[in-house]
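Biologist: I am new to reading protein structures. Could you walk me through one, feature by feature?

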Amino acid sequence: MMSELSSTDHAVLDRAECLRLLATAAVGRIVFTERALPAVIPVSYGLDGERIVIKTSAGSAVVGAGRHAIVAFQVDELDRGSHTGWSVVATGPARLCIDQVEIAHLDRLPLPAWTPGHGERYLLIEPELFTGRMLRAEATGVFRP
C-alpha cells in the first residue's frame, strides 16, 4: 500500500530545478517498451540543453527505444542516513541521431562512459514533461517514501 506524502514530506520541483538536478548526475534509467513489455536500463548520459543524450553501442537494447517512441528517463539521489534526496522523471520522444552534422556536435560533448564498447550511436530524448520531487525527513525523523 502506498502512503500519501504530505506537504512536509516533499516539494514538487519545477522544470528549471529538474534540469539543474539532471545536470548533476551521470547515470539514470531509461524506461521504454521492448516486445510490448516495459524495460528499464541504467545508462550513463549527458545533457545538450534540455535534451538527454545517451551514447550507446549499436547492439544495445537502448537502441530499440530510439524508434520514435515515447520514453521516460529517471534520475535520483537518495540518502538513506538522512532520509532526504530527490527524484526527477523526464518524459518525451526518443530518437536515434542519424544526422552527421548533429553527430559531429554530439561528439564534442563530455559524455560519461561507464561501459566498454560505448559509443557507436546517440539516443536523444527531448523531454516534454518533467516531474520532480525533493524528499525530506518529517519532523518526527520517520521517512515515508
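This is a predicted model: local features need pLDDT of at least 70, side-chain atom pairs count only at pLDDT 80 or more; totals for chains, interfaces and linings use all residues.

Biologist: Let's begin with strands. How many bridges join β6 to strand β7, and which way do the two run?

Modeller: Strands are paired by the bridges found between them. Here β6 and β7 (residues 84-96) are joined by 11 bridges, and they run antiparallel.

Biologist: Which other strand can I see joined to β6 by three bridges?

Modeller: That is strand β2 (residues 27-34), which runs antiparallel to β6 (residues 67-79). A pair to find on screen is Ile30 with its bridge partner in β6, Phe73.

Biologist: Now the helix. Which residues of helix α1 are buried?

Modeller: A residue is called buried when its relative accessible area is under 20%. In α1 (residues 15-22), the buried ones are Cys18, Leu19, Leu21 and Leu22. Looking down the axis of α1, you find these buried residues within an arc of 165°, so they line one face of the helix.

Biologist: What do the buried residues of α1 pack against?

Modeller: They pack against β4, β5, β6, β7 and β9 (129-135). Take Cys18 as an example: its relative accessibility is 0%, so Cys18 counts as buried.

Biologist: Speaking of cysteines, how many disulfides does the count give?

Modeller: A disulfide needs two cysteine sulfur atoms within 2.5 Å. By this rule the count is zero. Another cysteine to look at is Cys97, which is buried with a relative accessible area of 6%.

Biologist: On to charges. How many salt bridges are there?

Modeller: To call a salt bridge, we look for a side-chain nitrogen of Lys or Arg within 4 Å of a carboxyl oxygen of Asp or Glu. By this rule the count comes to seven. In one of them, Arg51 meets Glu102, with the closest N and O atoms 2.4 Å apart. This pair links distant parts of the chain, as Arg51 sits in strand β5 and Glu102 in helix α2 (residues 100-107), 51 residues apart.

Biologist: Are Arg51 and Glu102 buried or exposed?

Modeller: Arg51 has 14% relative accessibility, so it counts as buried. Glu102, at 15%, counts as buried too.

Biologist: Which salt bridges does Arg95 form?

Modeller: One is with Glu102, where the closest N and O atoms are 2.9 Å apart. Another joins the side chains of Arg95 and Glu126, at 3.5 Å from N to O. Arg95 lies in strand β7 while Glu126 lies in the loop between β8 (121-125) and β9, so this pair ties together parts 31 residues apart in sequence. As for accessibility, Arg95 counts as partly exposed at 23%, and Glu126 counts as partly exposed at 32%. Through shared partners, salt bridges join Asp48, Arg51, Arg95, Glu102 and Glu126 into one network.

Biologist: Can we try a polar residue as well? Where is Gln74 found, and which side chains does it meet in polar contacts?

Modeller: Gln74 is found in strand β6. Its side chain makes a polar contact of 2.4 Å with that of Arg29, and one of 2.8 Å with that of Asp76. Gln74 is buried, with a relative accessible area of 15%. Leaving out residues up to four places away in sequence, Gln74 touches Gly28, Arg29, Ser87, Val88 and Val89.

Technical notes
Residues are numbered from 1 along each chain as its sequence is written. Side-chain values use heavy atoms; hydrogens and water are left out. Helices (H or I, at least four residues) and strands (E, at least two) are DSSP runs, numbered from the N terminus. Buried means under 20% relative accessible area, exposed over 50%, partly exposed in between (1.4 Å probe, protein chains only). The arc is that of the directions from the helix axis to the C-beta atoms. Contact means heavy atoms within 4.5 Å. A polar contact is a pair of N or O atoms within 3.5 Å; within protein, one must be able to donate a hydrogen and the other to accept it, and residues adjacent in sequence count only if both atoms are side-chain atoms.
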